[in-house]
Amino acid sequence: MTRKRSRPALQITSLERAELVRRASRTASRRGARRARVILLLADGATWQQVMKQLRCSRAFVARWARRFRQARIGGMRAWHHGGESHLEPRIERRILRGGEQRAAGEARRSTREIARECGVSHMTVHRLWLRHGLLPPRRGA
């Protein structure tokens, strides 16, 4: 027989509630709105099962955002892996951009992977930086 642990409702301030309500009603960020709804439901005393059923999400989703909210409050409600700005040192960024520029006639542009290895970053970081600056990634075999 498994026992259900009862979790106390999340305690939130009136300012946090106002911000969460604002985020929950935003249509620009569906993901952010869903996270805010999780916290609002838990603060209103809903069980994890009720939140999972109402928002059609997993137990892990509820656990993740409840934990992050408890740890960092509103500041913890942002996804850690989506849409983060690049925090490259300017000298490394310049090196990456130089590698993406068109070379002299007959000299092929280097690949994102080659430059990434040289600069100690991921090839996707190189690719995103090139796209942001209007440099097309190299096309191999085209």
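A nonpolar core is a set of buried Ala, Val, Leu, Ile, Met, Phe, Trp, Tyr and Cys residues joined through side-chain atoms within 4.5 Å, where buried means under 20% relative accessible area with a 1.4 Å probe, protein chains only. Welcome to a predicted model, in which local features need pLDDT of at least 70, side-chain atom pairs count only at pLDDT 80 or more, and totals for chains, interfaces and linings use all residues. Residues are numbered from 1 along each chain as its sequence is written, and side-chain values use heavy atoms, leaving out hydrogens and water.

**The cores**
- The largest nonpolar core has 24 residues, and among those touching the most other members are Leu20, Val38 and Phe69.
- Helices α1 (14-24), α2 (30-43), α3 (48-55) and α4 (59-72) each supply at least two residues of this core; helices here are DSSP runs (H or I, at least four residues), numbered from the N terminus.
- The largest share, 7 residues, comes from α2.
- A second, separate core of 11 residues includes Leu97 and Leu135.

**Helix α7**
- In α7 (residues 123-132), Val126, Leu129 and Trp130 are buried.
- The buried residues of α7 fall within an arc of 100° seen down its axis, so they line one face of the helix; the arc is that of the directions from the helix axis to the C-beta atoms.
- These buried residues pack against α5 (90-100) and α6 (112-119).

**Arg35**
- Arg35 lies in helix α2.
- Its contacts (heavy atoms within 4.5 Å) include Phe61 and Trp65, leaving aside neighbours within four places in sequence.
- The side chain of Arg35 reaches the backbone oxygen of Met77 at 3.2 Å.

Technical notes: Buried < 20%, exposed > 50% of the residue type's maximum accessible area, 1.4 Å probe, protein only. Polar contact = N/O pair within 3.5 Å; in protein donor to acceptor, adjacent residues only side chain to side chain.
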